[in-house]
Amino acid sequence: MQYLPISDSMTLEELIDIVGPQNVDNILAVNNLNRAPNIGMQFNRVCKDALDIGVVNTNNIGDIPTVGDEDGSSTLPWQRKYTLLNSMSTDSDVFELAALMGEDDWVIYNNLGTFPGMLKIPESIILPDTSSASTLLGNDTPVSKVIHDTALNQLSTYPHTIDPSIFNEYSVAKPATLADLGLRVEQPMEWFNIPWGQISLYSSLSDKSIDIPVYPEVYEDGVAASYEQMPDMLYQYEPWQLYRSSSRNSNVFKFDMHRDMWTGDHRDGKCNELIRFCEANCYPEYNGSSVNTSLVTLYINGSPLIRGVLTNVDVTWDGPIGLDGWYLHCVLTLSIIAVSSIPLNYSTVASKGLIG
């Protein structure tokens, strides 16, 4: 069995991106989940419910004798832990994580067959080869006999706890707790202050938005008013000006990015996905004789900065070269001509906020 980290904020769409649409229904069924927009919150509730009902199904725990009927208890008998832990000996990562679990986490594993914050993935399911899928817990490397025997010995001896020092100091396994049902396998880019969810580009044509991992480097805004000079008139010391129109300049946004910013692995295709999303909005969608064009909206911290027509997408690439043979650094430049969603006049413009 493999295990995929799941955070409270994970959506169904994000899960599909990781496991693939062909696998998502099977994975949801195995984990007793229903299709819902926020899969992370649903799984969190399932874990809490499993803890609330206490220990169940401890009657058949193998050759190790039980001490009474523990159903309904808030702790799992050490004999049951022994049996479960022994069954994980074929995978050192899973074995170590289980060995260091707290009491609540053992109850959840006993009731659900998975760790808090982890979806179980059957071995029969092959996930897409992406960096997100590479966060799977499960390395198919058997635990060493010394660690295996020492851990089970300590578990079967009072006070029935395992000393973490039996694992080397470079262990990446972290004990899971209900207070933190987030990612259990850390991703390198989580160490940096990348503003995920704060900058996004929305397309009206696809009714989808995509996150951008950086703020625009420079934002130049401006409004131009167009007047027409009246022909020369008698007895006027200066010509009259006839108002024609007002418009915002073509706004240019530059995003300085690195392909490792999404997951720490530039082979994940996320940067390419962003660029293709932007380029696609320069093209219409044909539906019979009708031609549908897109209006894009750039959001900063949840506020629409500009809404309009995306007229130009430029990408400048430079080194170093990544593992896939392509440049790692790029500057994405977007040119957007603003299209107002409300009628504009002196009063409406004067009352607008700083952003937008």
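I take a salt bridge to be a side-chain nitrogen of Lys or Arg within 4 Å of a carboxyl oxygen of Asp or Glu. By that rule I find eight salt bridges in the structure.

**Ground rules.** I am working on a predicted model, where local features need pLDDT of at least 70, side-chain atom pairs count only at pLDDT 80 or more, and totals for chains, interfaces and linings use all residues. I number residues from 1 along each chain as its sequence is written, and side-chain values use heavy atoms, with hydrogens and water left out.

**Overview.** I looked up the secondary structure and got nine helices and twelve strands. Helices (H or I, at least four residues) and strands (E, at least two) are DSSP runs, numbered from the N terminus. Next came burial. I call a residue buried under 20% relative accessible area, exposed over 50%, and partly exposed in between (1.4 Å probe, protein chains only). Of the 356 residues, 39% count as buried. The accessible surface is about 20200 Å² (Shrake-Rupley method, 1.4 Å probe; for residues, only the protein chains shown count as cover). Carbon and sulfur atoms hold 52% of that surface. I then checked contacts, meaning heavy atoms within 4.5 Å. Among contacts with a separation of 6 or more, 64% join residues 24 or more positions apart.

**Salt bridges.** I started with D25 and R35. Their closest N and O atoms are 2.9 Å apart. D25 sits in helix α2 (residues 24–30) and R35 in the loop between α2 and α3 (39–52), so this pair ties together parts that are ten residues apart in sequence. D25 is partly exposed, at 45% relative accessible area.

I moved on to helix α8 (residues 270–280). There E273 and K270 meet at 4.0 Å, N to O. They are three residues apart, which means a separation of about one helical turn. E273 is partly exposed at 41%, and K270 is partly exposed at 22%.

R276 and E279 form a salt bridge at 2.7 Å, N to O. Both lie in α8, three residues apart, again about one turn of the helix. R276 is partly exposed at 48%, and E279 is partly exposed at 27%.

**Open sheet.** I traced six strands in the order β4-β3-β10-β11-β12-β7, with antiparallel pairing. Two strands pair if DSSP finds at least two bridges between them. β4 (208–211) and β7 (250–258) stand at the edges with a single partner strand each, so one side of each has no neighbour in the sheet.

β3 (residues 199–203) and β10 (residues 296–300) run antiparallel over five bridges. I199 has I300 as its bridge partner in β10.

**Surface patch.** I found I321, W326 and Y327 in a nonpolar patch, with about 290 Å² of accessible area together. Patches take residues with over 30% relative accessible area and no salt bridge; like charges are joined within 9 Å, nonpolar side chains (Val, Leu, Ile, Met, Phe, Trp, Tyr) within 5 Å. I321 belongs to strand β11 (residues 303–321). I321 is partly exposed, at 47% relative accessibility.

**Helix α4.** I listed the buried residues of α4 (residues 78–86): Q79, R80, K81, L84 and L85. They pack against α5 (92–99), α6 (103–112) and α7 (145–155).
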